[in-house]
Amino acid sequence: MTDESTGTSYAAAGVDIAAGERAVELMKSRVAASHRPEVVEDVSGFAGLFDVSALKRFERPLLATSTDGVGTKVDLARRLGVYDTIGHDLVGMVIDDLVVCGAEPLFMTDYIACGKVVPERIAAIVGGIAEGCALAGCALVGGETAEHPGLLGPDEFDVAGAGTGAVEASKVLGPHRVRHGDVVLGLASSGIHSNGYSLVRHILRESGLALETTPPELGRTLGEELLTPTRIYAKDCLALIGAADVHAFAHITGGGLAANLARSLPAGCDAVLRRSSWEPPPIFGLLAAHGRVPQAEMDKTFNMGVGMAAVVAAPDADAALRTAAERGLPAWVLGEIVEGTGQARLV
C-alpha cells in the first residue's frame with residue numbers, strides 16, 4: 001500500500017497549484033483596474049458578476065457576444081520572451097468584433113492554457129488583457145489558467161477569450177443600413193494585428209529573417225514590429241457612432257479587407273476601395289518581398305494597414321473624420337458604396 005510520503009502527486013504529474021495561486025495574486029490589482037461600476041464581487045470566488053440593471057437605460061437591449069484567440073502570434077511572443085502585449089491582441093480580436101454591430105462592450109473573460117505555470121508570465125499576459133479591457137471600456141470579470149503538462153511544452157501557451165456587450169435593438173448596425181452613395185472610411189491598423197502569423201512564421205523560416213534584425217524601413221527590430229499590439233477600436237467606433245450617421249463597420253481580420261467588408265454589405269451594393277488612398281505600413285512590403293508573396297495573397301491574408309472600415313452617410317463623412325482625428329486615430333476616405341452584388345473590390 002502506498003503512503004503519502006512515497007505516493008505520486010498532482011505536482012509529480014506536472015501541475016503546480018501553488019504557482020497558479022501565486023499568479024492569481026500577482027494579477028489581482030491589474031484586473032481590478034479594468035472594472036466598471038457594474039462589476040459586483042462574487043463572494044463564492046467561482047464566477048464573475050455584472051449588474052445588468054444598467055441595461056434598464058435601453059428600451060430593448062440586445063446582448064452581443066464574441067469569442068476569439070490570438071493565433072500563432074503567441075509563438076513569437078514566446079520566442080522573444082515578451083508577454084505583456086498579447087493581452088491587447090486578445091481584447092482587440094474579441095471586443096472589436098462586438099462593436100461592429102454598434103454594441104457597447106461590457107465585460108470579458110479569458111482562458112490561458114500552458115505547459116507550465118510561471119506566475120510572472122501568466123500575470124504579464126493577464127495584466128495585458130486587463131489593460132486592453134480598460135482601453136476598450138469593458139471589465140475583465142474572470143478567467144481560467146489551465147496547466148497542461150505533457151500536451152504543451154513548459155514554455156508553450158495559448159490564449160483565448162470571450163466578450164459580451166449590449167446594443168439597442170433599433171440601433172444595430174449592419175448591411176440593412178448601407179445605401180448607394182455611402183462613404184467608406186479606413187481606420188488605420190497599428191500593423192499586422194493578430195492575423196496571418198502562420199504565413200509570417202513561414203516567411204521567417206524560409207527566408208532566414210531573424211527577429212533580432214533591424215530592417216532600415218522599420219527603424220526597430222523585426223521582432224518588435226511583429227509584436228506590435230492590435231489597435232483596440234471599441235471606444236473610437238462608439239465615438240464615431242455618436243458623432244456621425246454610421247451605417248456599418250467591418251473589423252478587418254482573417255480574410256483581409258475586401259472579404260471582411262463584404263460581410264457588411266447588402267446584396268444590392270458594392271464597395272469600391274481605392275488603393276491609392278493609403279500607403280500600407282512598411283512591414284507588409286518587407287514580408288511580401290522576402291516571402292515572394294503575390295499581391296492577391298497579401299490582400300486576403302493581412303489587413304494591409306486598414307484595421308477597421310466604417311460605412312457612413314456621405315454628408316457625415318467629414319464629421320466622422322474630424323472625430324477620428326480628435327481621438328488620434330488616422331482615418332481617410334477609402335472608397336464609396338455603389339450599386340452591385342454585395343462585393344468589395346480594390347481598384
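Helices here are DSSP runs of H or I, at least four residues, and strands are runs of E, at least two, numbered from the N terminus.

A word on the source. This is a predicted model, where local features need pLDDT of at least 70 and side-chain atom pairs count only at pLDDT 80 or more, while totals for chains, interfaces and linings use all residues. Residues are numbered from 1 along each chain as its sequence is written, and side-chain values use heavy atoms, with hydrogens and water left out.

Buried means under 20% relative accessible area, exposed over 50%, partly exposed in between, with a 1.4 Å probe and protein chains only.

Now the core. A nonpolar core is a set of buried Ala, Val, Leu, Ile, Met, Phe, Trp, Tyr and Cys residues joined through side-chain atoms within 4.5 Å. The largest one has 52 residues. Ile95, Met108, Ile192 and Leu226 touch the most other members. α4 gives the most to this core: eight residues. Take Ile192. Beyond its neighbours within four places in sequence, its contacts (heavy atoms within 4.5 Å) include Leu226, Ile283 and Phe302. There is also a second, separate core of 20 residues, Val184 and Leu261 among them.

Next, the rings. Rings of Phe, Tyr and Trp (its six-membered ring) pair if their centres lie within 6.5 Å; planes under 30 degrees apart count as stacked, over 60 as edge-to-face, the rest as tilted. That gives four aromatic pairs. Why is the pair of Phe50 and Phe107 tilted? Their centres are 5.0 Å apart and their planes stand at 45 degrees, so the pair is tilted. Phe50 is in strand β2 and Phe107 in strand β4, 57 residues apart. Phe50 counts as buried, at 14% relative accessibility.

Tyr83 and Phe157 make an edge-to-face pair, 5.9 Å centre to centre, with 70 degrees between the planes. This pair links the loop between α2 and α3 to strand β6. Both Tyr83 and Phe157 are buried.
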